[in-house]
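User: Can you walk me through this one? I'll ask as we go.

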Amino acid sequence: MFTTAVTSAVIMYALAGVISLLVAGLIKLLFVVVRRYGGGE
Amino acid sequence: MNFSDVANIFQGITSFGHSTWPMIFARIGLMILGAVLVYYGRKGVLEPLLMIPMGLGMAMVNAGVLFLDPTTAAVISRSTGEAVMADGTTQGTLMLAPFVERTDDLMYILQIDFLQPIYTFAFSNGLIACFVFMGIGVLLDVGFLLARPFQSMFLALCAELGTVATFPIAVALGLTYNEAASIAMVGGADGPMVLFTSLKLAKHLFVPITVVAYLYLGLTYGGYPYLIRFLIPAKLRAIRPQARPVVKISSGEKLAFAFVAGTVLCLLFPSAAPLLLSLFVGVAVREAGLQYFTNMIENTLLYGATFFLGLLLGVLCEASTIFNPKVLLLLVLGIISLLLSGVGGIIGGYLLYFFSGRKVNPVIGIAAVSCVPSTAKVAQKEVSNVAPDVIILPEALGANISGVITTAILTGIFVSLVPLMK
């Protein structure tokens with residue numbers, strides 16, 4: 001049970017890392033899109 | 001009329017005579033703890049907005065125990081499984097019966113216990129947590145995050161160390177996966193998320209877990225400065241961040257971010273969608289300049305929800321509800337989780353310090369623990385103590401806001417994946 005918990009924790013942390021990077025990448029992409037087409041500052 | 005009839009007027013006192021010794025000590029202990037919360041809330045050591053109603057609720061629910069009439073006693077007994085006394089009565093209060101779930105029984109209790117309508121229709125379904133989150137959304141300026149997204153998200157991820165590491169520790173100490181995930185969320189340092197996760201995963205323990213979480217979150221303001229001083233030498237705390245060109249973020253860009261990030265995260269984690277919608281709708285209302293909505297959410301919803309959250313958490317601390325052998329374990333795991341998150345944040349700060357060629361102040365790492373805005377203020381205060389002219393608050397707030405988002409991501413992961421574990 002403990003081994004499963006450790007493995008799951010590592011997988012969940014990695015998943016959270018990937019999604020956090022995805023959000024950060026999304027922010028960068030948004031800047032490009034909004035500034036090019038949205039008339040942003 | 002005889003002596004027992006007169007004594008019957010003071011049921012709060014006579015009920016002690018019908019309780020076991022551990023229960024008597026628990027009731028008295030919780031009354032004293034309530035007084036301590038009010039005292040430290042008034043002093044400003046703990047968050048007064050939460051602790052004063054909570055302390056009063058805690059003390060008075062344990063004082064106001066009486067013998068419920070046989071009809072009410074039968075309803076309570078059906079839900080809790082506890083036997084009624086020989087005369088058909090049982091001990092209880094006229095405030096709240098959290099374990100009543102059968103529709104008929106609930107309809108009956110809704111007409112008896114004065115806080116039951118708020119508990120049933122706003123607390124046990126997570127609505128209060130969502131109201132608090134809307135308020136947090138309205139208070140957040142996501143511009144600090146948008147200015148440095150990768151740096152902020154990296155720090156926030158490091159500051160989730162406690163959330164992730166406490167999960168296997170809790171399992172090793174005998175908790176089930178669902179219980180372990182619920183108490184591990186304390187490391188996310190976000191009260192509404194802990195409430196939401198424990199309601200979803202471990203409803204039988206959500207009262208002690210949420211109480212532990214809010215007690216400890218109140219203590220971060222007092223405890224984290226010592227952690228910073230212990231782990232980061234004064235010389236490093238005084239580092240002036242490298243001057244960078246100011247990135248101007250328009251309200252349109254912030255609104256677009258709220259829309260896209262919220263929609264994508266809801267797509268990924270439908271089970272955490274209520275919290276995500278609440279957070280990002282708050283951000284959107286602020287950035288769209290909807291002043292009437294902003295005022296309504298910031299003043300009425302946020303403060304109203306915080307008041308009832310504190311009061312209900314206090315009232316839920318009735319000795320018979322919270323009397324659980326796992327509470328001591330939860331107390332230990334809660335502090336481990338918050339401590340590890342603080343250490344993780346500082347490790348993240350150090351990593352950034354080295355990777356940036358020693359140009360980033362490592363103290364900003366602790367701000368990534370998402371207790372908005374306490375940890376960002378703690379970080380700035382600790383830097384100001386050694387270097388009064390060094391300002392790290394903008395970077396710290398970026399990490400702080402990212403902390404809220406990563407905690408929401410981990411809530412989504414826990415709520416979605418942990419129930420699948422066998």
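**Helix packing and chain contact**

Analyst: Helix α22(B) is mostly covered, with 21 of its 25 residues buried (buried: 20 or more other C-beta atoms, placed from the backbone, within 10 Å of the residue's own). Helices here are DSSP runs of H or I, at least four residues, numbered from the N terminus. This is a predicted model: local features need pLDDT of at least 70, side-chain atom pairs count only at pLDDT 80 or more, and totals for chains, interfaces and linings use all residues. Residues are numbered from 1 along each chain as its sequence is written, and chains are lettered from A and ligands numbered from 1 in the order written.

User: At what angle do α10(B) and α22(B) pack?

Analyst: About 60 degrees, with the axes 8 Å apart; α10 is residues 149-158 of chain B and α22 is residues 393-417. Axes are lines fitted to C-alpha atoms over the stretch in contact, and angles run from 0 to 180 degrees between N-to-C directions.

User: Which residues of α10(B) meet α22(B)?

Analyst: S152(B), M153(B), L155(B), A156(B) and L157(B). In contact means C-beta atoms, placed from the backbone, within 7 Å.

User: Switching to chain A. How many of its residues are in contact with chain B?

Analyst: 26 residues of chain A, against 32 of chain B.

User: And what is chain A made of?

Analyst: Chain A has one helix and zero strands (strands: DSSP runs of E, at least two residues). Its C-alpha trace spans about 55 × 10 × 10 Å along the principal axes. Of the 41 residues of chain A, 29% count as buried.

How values were computed:
Two residues are in contact if their C-beta atoms, placed from the backbone, lie within 7 Å. A residue is buried if 20 or more other C-beta atoms lie within 10 Å of its own, exposed if 12 or fewer, and partly exposed in between; C-beta atoms are placed from the backbone.
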